[in-house]
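Subject: Structure for you to look at

Hello,

The sequence and structure are below. Please open them first, then read the notes that follow.

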Amino acid sequence: MHAATSRATSSCTLRVMTELVRVDPRRPGRDEIARAADCLRRGGLVAFPTETVYGLGAHALDRAAVQRLFEAKGRPAGDPLIIHVAALDQVTALVTGVPEVARTLAGRFWPGPLTLVLRRAAAVPPEVTAGLDTVAIRIPAHPVARALLEAAQLPIAAPSANLFSRPSPTRASHVLDDLDGRIDMILDGGPTTVGVESTVLDLTTDPPQVLRPGAISLEVLQTLVPGVRMRDRTAAAGAGMVSPGLLPQHYSPRTPMTLYRGDAASVRASLLAGVRDALAAGRRVGVLATSDHAAALRHLPVVIAELGPADDAEGIAARLYAALRELDAAQLDVILAHDVPHDEHLWRAVRDRLHRAAAQVTDRASDRPEGRGGPAPTPR
Ligand code: TXA
Ligand code: MG
């Protein structure tokens, strides 16, 4: 139990106490799940593990609960939520129709880390979708999320359970760090497995577009969805608010982070030079790096958060947000990191999150007189 500020708005308790409840991630206990489901039914806010990241759940059709959710996260009202459901038949009440391609994708990837954007039915409060006429929906695979959805028998709106723009939580302790005293309950089911948020696929455009890359990759979707492509980020910025999760400043540590990109040798040289420069300037330095690069920096007085083997996309994705949070908690002046060398399958999602976490992306190769490839350093 974690004591918290007193507020009279909670539907579950008179004071807003955030209760941390441990659950077996594979076979969650009935009583704990029933209590969490009851809390949601009464308009409370419950954080729970999904296979991607922890979500902060609220009854999706309860406008007051949804408003509390936005408040608790400090999330701007213009950023729409994903509705989580237990089964495909619950989707029909939330949308104007389920296109054939959505059924195909659901059959293949649900439950799982794929979110589908469909046309919104009138039953969905506009607060959930930030006034858009579309709604994002997914069936999560995590046994705790599934048990909760089945027990509650509600559509549950659940953004990632972090404060707005902070890295998403992959452990219950991350949720507690951000939201203690602001939400009613956290179901602690241990670390999440995927580690980055679901793929968001918009099926309301022609051709369909991936708004956010995730574990269900573009390459895999292309085998089932004719013409599907990544949304053009520059177009997204110009067109305003199609998917605010695509905005550059998101998932960021509070400490400014510089991201170096290029081949392994130039990244290694850039990291070393960056660390030396920052240390010489009297700054406290953190490094986010795969094991190979980390090994080359170990003799220096820096805080290193290691991401594991450089060729292990799953491992890096699973560890990324926890590593960012560790560095953020270490009272540093600057974080230096490096891009991943690939851009296919899960690598695309990892690269996307790294770029959004970074205050600055620097292509050292382009600094050279011979100008070997890449654009000039991009301030973010
Ligand atoms: O893995 C996940 O998706 C996690 C877990 C908890 O399910 N949830 C999550 O939610 O990441 P959130 O709110 O942090 O991110 C939702 C993303 C945002 O980028 C949002 O803009 C986009 O989905 N989104 C939601 N509704 C949308 C809509 N109608 N049209 C376009 N984008 C939408
Ligand atoms: Mg989020």
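Thr52, Arg75, His84, Ser198 and Arg212 come nearest among the 28 residues around ligand 1, where a residue counts if one of its heavy atoms lies within 4 Å of the molecule. This is a predicted model: local features need pLDDT of at least 70, side-chain atom pairs count only at pLDDT 80 or more, and totals for chains, interfaces and linings use all residues. Residues are numbered from 1 along each chain as its sequence is written, chains are lettered from A and ligands numbered from 1 in the order in which they are written, and side-chain values use heavy atoms, with hydrogens and water left out.

A polar side-chain atom of Thr52 is 2.7 Å from an oxygen atom of ligand 1. For His84, the distance from a polar side-chain atom to an oxygen atom of the ligand is 2.6 Å. Thr134 has a polar side-chain atom 3.0 Å from a nitrogen atom of ligand 1. Taken alone, ligand 1 exposes 680 Å², and the protein buries 98% of that (Shrake-Rupley method, 1.4 Å probe).

Is Arg348 buried or exposed? Arg348 counts as buried because its relative accessibility is 15% (buried means under 20% relative accessible area, exposed over 50%, partly exposed in between, with a 1.4 Å probe and protein chains only). Leaving aside neighbours within four places in sequence, Arg348 is in contact (heavy atoms within 4.5 Å) with Pro213, Leu218, Glu219, Met230 and Asp343.

Regards

Technical notes:
A polar contact is a pair of N or O atoms within 3.5 Å; within protein, one must be able to donate a hydrogen and the other to accept it, and residues adjacent in sequence count only if both atoms are side-chain atoms.
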